[in-house]
Amino acid sequence: MAIPDGKLYDDGVLGAGAVAGTGPTTINTEKAGVAVGFGLGVTLSGGKAVPATTAPIYGVSVRRNYTVGYVLNDAAKDADAYQEGEAMGVLREGSIAVQISSDVEAGDNATVDASGKFKEAASGDTVVGVFRTAGKAGETAVLQTSFQFGTVPTSSPASAGSTSTGTGK
């Protein structure tokens, strides 16, 4: 018997952190440094993934395929996150549904806000990807991103007083 309402079990919107599409992706496994929600921009701090507060980003946290909790409802699913020390997937390249903090349109350049959520990039912002779908603030939109490399600031403590040109640690 067919389902009489085609949207009864799927409204067509991907949940935050869901990989979008079947194109090439690169996902690394990292350890969470703090609680990290799904579909947020992350950076590495002390070798652990934490929510990004500014661009550039290391990648986007990927949703896991199970929910931690005793009660399965929308509130429990929305509050679920990787916990400190937990292994987590971080998408470095590809398309993924992300949490957005402002309305966006398909084709808008994207950056992150202070909470790791994504928004349209304004003049002077570092672009971390391009929105593939439109979305309303507080919902999700599909972001296409790729590896990001920036320059090391000259005032970096790691470079202060160093004459080494090597990149190893």
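These are my entries, going from the whole chain down to single residues.

**Entry 1: the whole chain**

I noted before anything else that this is a predicted model. I then looked up the secondary structure and found one helix and nine strands. Reading along the sequence, I wrote the order down as β-β-β-β-α-β-β-β-β-β.

Next I checked burial, and 36% of the 169 residues turned out to be buried. For the accessible surface I got about 10,200 Å², with 52% of that belonging to carbon and sulfur atoms. I also looked at contacts between residues at least 6 apart in sequence, and 58% of them join residues at least 24 apart.

**Entry 2: the largest pocket**

How many residues line the largest pocket, and which lie nearest its centre? I found 18 in the lining, with Gly15, Ala16, Arg63, Asp78 and Thr140 nearest the centre. The space inside comes to about 500 Å³.

I sorted the lining by type and got five nonpolar, six polar and seven charged residues. Helix H1, residues 74-79, gives the most to this lining, with three residues.

**Entry 3: the nonpolar cores**

I turned to the largest nonpolar core, which has 17 residues. Those with the most contacts inside this core are Ile57, Val60, Val98, Ile100, Phe118, Phe131 and Leu143. Strand S5 (87-99), strand S6 (109-112) and strand S9 (140-145) each give two or more residues to this core. The largest share, three residues, comes from S5.

Leaving out residues up to four places away in sequence, Val60 touches Gly39, Leu40, Val42, Gly89, Val90, Leu91, Ile96, Val98, Phe118 and Leu143. I also found a second, separate core of ten residues, and its members include Ala49, Tyr58, Met88 and Val90.

Is Phe118 buried or exposed? Phe118 counts as buried because its relative accessible area is 0%, and the cut-off for buried is under 20%.

Val90 sits in strand S5. Val90 is buried, with a relative accessible area of 0%. I listed what Val90 touches, again leaving out residues up to four places away in sequence: Thr26, Ile27, Asn28, Glu30, Val42, Tyr58, Gly59, Val60 and Val62. From Val90 to Gly39, 51 residues apart along the chain, the C-alpha atoms are separated by 9.3 Å.

**Entry 4: two loops**

Where is Ala121 found? I located Ala121 in the loop between strand S7 (118-120) and strand S8 (129-131). Ala121 has a relative accessible area of 16%, and the cut-off is under 20%, so Ala121 counts as buried. Its contacts, not counting residues up to four places away in sequence, are Asn109, Ala110, Thr111 and Val127. I also checked Val104, 17 residues from Ala121 along the chain, and their C-alpha atoms are separated by 9.8 Å.

My last stop was Pro56, in the loop between strand S3 (48-51) and strand S4 (59-61). I found that a cis peptide bond joins Ala55 and Pro56, with omega at about 5 degrees.

Definitions and conventions:
Residues are numbered from 1 along each chain as its sequence is written. This is a predicted model: local features need pLDDT of at least 70, side-chain atom pairs count only at pLDDT 80 or more; totals for chains, interfaces and linings use all residues. Side-chain values use heavy atoms; hydrogens and water are left out. Helices (H or I, at least four residues) and strands (E, at least two) are DSSP runs, numbered from the N terminus. Buried means under 20% relative accessible area, exposed over 50%, partly exposed in between (1.4 Å probe, protein chains only). Contact means heavy atoms within 4.5 Å. Accessible areas come from the Shrake-Rupley method with a 1.4 Å probe; for residues, only the protein chains shown count as cover. On a 1 Å grid over the protein atoms alone, a cavity is a set of points where a 1.4 Å probe fits but cannot get out, and a pocket is an open set with protein on both sides within 12 Å along at least five of seven lines; lining residues have an atom within 4 Å of a point. Grid points are joined across faces, edges and corners, and a volume is the space filled by probe spheres set on the points. Ala, Val, Leu, Ile, Met, Phe, Trp, Tyr, Cys and Pro count as nonpolar, Asp, Glu, Lys and Arg as charged, and the others, Gly among them, as polar. A nonpolar core is a set of buried Ala, Val, Leu, Ile, Met, Phe, Trp, Tyr and Cys residues joined through side-chain atoms within 4.5 Å.
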